[in-house]
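Dear colleague,

Please find below the structure that I am handing over to you. My notes on what was found in it follow directly after.

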Amino acid sequence: MDGMKTWYQSKTVWGALIAVAASIAQMAGVDLAPDVQNDIADLAIALGGALGGALSIYGRISASTAIGRR
């Protein structure tokens with residue numbers, strides 16, 4: 001692998017989480033088609049990226065020390 005990404009940017013992780021959730025939902029009587037699961041995974045990745053970006057901005061604004069070079 002050339003690049004690194006966070007867990008919430010991984011389609012594999014989101015796909016696995018959604019597959020588990022879909023299995024649990026199916027046991028409860030709710031059926032999610034595979035294309036709906038893919039749409040949910042894409043949405044989760046977009047939301048995860050947005051949340052990660054927002055958290056980074058908040059962290060920088062609320063930080064008590066400055067960024068600098070050594």
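In these notes, buried means under 20% relative accessible area, exposed means over 50%, and partly exposed lies in between (1.4 Å probe, protein chains only). At 65% relative accessibility, A28 therefore counts as exposed.

Please note that this is a predicted model, in which local features need pLDDT of at least 70 and side-chain atom pairs count only at pLDDT 80 or more, while totals for chains, interfaces and linings use all residues. Residues are numbered from 1 along each chain as its sequence is written, and side-chain values use heavy atoms, with hydrogens and water left out.

Helices (H or I, at least four residues) and strands (E, at least two) are DSSP runs, numbered from the N terminus. A28 lies in the loop between α1 and α2. The C-alpha atom of A28 is separated by 25 Å from that of I45, 17 residues apart along the chain.

The helix pair

Two packed helices are described by the angle between their axes and the distance between the axes. The axes of helix α1 (residues 11-27) and helix α2 (residues 34-62) come within 9 Å and cross at roughly 130 degrees. That makes α1 oblique to α2. Axes here are lines fitted to C-alpha atoms, for helices over the stretch in contact, and angles run from 0 to 180 degrees between N-to-C directions. Angles under 35 degrees count as roughly parallel, over 145 as roughly antiparallel, 65 to 115 as roughly perpendicular and the rest as oblique.

With contact taken as heavy atoms within 4.5 Å, K11, W14, I18, A19 and A22 in α1 meet Q37, I40, A41, D42, A44 and I45 in α2. The residues of this contact divide into 8 nonpolar, 1 polar and 2 charged. Ala, Val, Leu, Ile, Met, Phe, Trp, Tyr, Cys and Pro count as nonpolar, Asp, Glu, Lys and Arg as charged, and the others, Gly among them, as polar.

The annotated span

The UniProt annotation "transmembrane region", from an unreviewed entry, covers residues 43-61. Such annotations may be inferred rather than shown by experiment; their positions are given in the numbering used here, and feature names are shortened. In the model, residues 43-61 are 100% helix and 0% strand, and their end C-alpha atoms lie 27 Å apart.

Two further residues

A46 is found in helix α2 and is partly exposed, with a relative accessible area of 49%. R69, in the segment after α2, is exposed, with a relative accessible area of 85%.

With kind regards
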